[in-house]
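This report concerns aromatic rings and the charged groups placed over them. Please consult the sequence and structure shown below.

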Amino acid sequence: MRKVLLFVGVAVGLIIITTQAKAQTNMFMYGEVITIDGDRYQGFLRWGTDEVYWHDMYNASKTSNDFNRFLSRSEKAEIEQKSSGNGWSGIAAGVLSIWEDKYSGSNHQFDTRFGDISSIEFRRGSRALIKLKNGVVLEVGGTTYSDINPDIRLMDDELGEVTLKSSRIEQVNFLPSPNSGKAFGTPIYGTVNAGRKGTFSGIIQWDNDERFKEDILDGKDRDGDKKIPFESIKRIEKMRSGVEVTLHSDRKFYLTGSNDVNSENRGIVMLIPDVGQVKIPWREFYDLEITEGNFEGFAYSDFPVSEGLSGTVVTVDGDEYTGLLAYDLDEAWEFEILDGNDDDVEYHIPLRNVKNIIPKNYSYSSVILKNGMNLLLGGSRDVDEDNDGVLVFTSKNDDPVYVRWSKIDEIIFD
């Protein structure tokens, strides 16, 4: 009987380990890197020194915005003064060729999660061609964005870890992650208490840097330097000018003297399922409980093909316009990101997760998510008076209706 129970226990343990390993590897970026000489490498990817997960965000600047050509001359001047199928495939050709436009009146950022991208072609002059899963290709750039033409580390399936310089890379093709293999580490998962801002549970990036349980928390105590791997930590609590760290053995250490453990900490970035990315600043941080074996990341297949933003715009005069939407005159797809702040807490929310946007005043909007969460966000052109307004394509043949931000009472997304 004892042997049977032992066998069952071992079997259950192997199932748990296998399930966790699958979840961990599925959430890591994976793909093929092609060099300028045609050499090919394939494996798990690390984009620059940061992004490793499908839910991590690619940031750049849109080089232009074709939607401005639908505005009248007076509407363009107002903005400049201020600073056959489903979806878009049924609109006349050229509407979404946003890299060819010559009418751009204001700068717009391009943000999306790597899981929505099919391939990236590196180009000279701090530019890149992004091909999305839905086949749309657009050009992005920006000398201040580290995601443009970075070096790439990858765990090649045959060679092991390889680093490729950006000058040697021609193209990256993203592929579904395998269910096994060696990735870069074990994700940190836990719950952050942000006081009056609430509690958040998800995958964690500590100090905008440490992503894995194998990474080190640096600090000093009365006996000198301490370097504690996150895999040994159960709890981190902010205390005076440092933190109290509790290990799984319940040993406690009070640490100071490092941006990992004091007010120089750059914040805790979290993936919140059904919300998006949330960055909690040190001033709002109270404590972190690290949870074992609970990894709620996204596989490549979890990012659906976008057909185009659609919904209804209700004006303050009671008019309603329904159709495909170009939000802030540039965001036309569900994968694009709505940015906003709740005081110092930063939210980066895929528009596919948004149900309603209700402008409240010049500085803030109420953003209601499809999971029922209600946020009051400001500090970004996506949710304040700097928003360029919305184009509504009510039919495939007619010109779109332009609704200024100041005239919008509510936007209801499909």
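How many aromatic pairs does a search of the whole structure find? In this predicted model, the search finds 22 aromatic pairs.

## The pair of Trp 54 and Tyr 300

One of the pairs joins Trp 54 and Tyr 300 in a tilted arrangement, with 4.4 Å from centre to centre and 35° between the planes. Trp 54 has a relative accessible area of 0% and is therefore buried. Tyr 300 is also buried, because its relative accessible area is 9%, under the cut-off of 20%.

## The pair of Trp 206 and Phe 285

Trp 206 and Phe 285 form an edge-to-face pair, with centres 5.4 Å apart and an angle of 80° between the planes. This pair links distant parts of the chain, as its residues are 79 residues apart. Trp 206 belongs to the loop between strand 12 (199–205) and strand 13 (216–221), whereas Phe 285 belongs to the loop between strand 19 (276–280) and strand 20 (287–290).

Trp 206 counts as buried because its relative accessibility is 0%. Phe 285, with a relative accessible area of 1%, is buried as well.

## A cluster of rings

Trp 54 and Tyr 300 also belong to a cluster linked by ring pairs.

## Charged groups over rings

Tyr 300 has Lys 133 over its face, at 3.9 Å from the ring centre. Elsewhere, the charged end of Arg 240 sits over the ring of Tyr 254, at 4.5 Å from the centre of that ring.

Definitions and conventions. Residues are numbered from 1 along each chain as its sequence is written. This is a predicted model: local features need pLDDT of at least 70, side-chain atom pairs count only at pLDDT 80 or more; totals for chains, interfaces and linings use all residues. Side-chain values use heavy atoms; hydrogens and water are left out. Rings of Phe, Tyr and Trp (its six-membered ring) pair if their centres lie within 6.5 Å; planes under 30 degrees apart count as stacked, over 60 as edge-to-face and the rest as tilted. Buried means under 20% relative accessible area, exposed over 50%, partly exposed in between (1.4 Å probe, protein chains only). Helices (H or I, at least four residues) and strands (E, at least two) are DSSP runs, numbered from the N terminus. A charge sits over a ring if NZ of Lys or CZ of Arg is within 6 Å of the ring centre and within 35 degrees of the ring normal.
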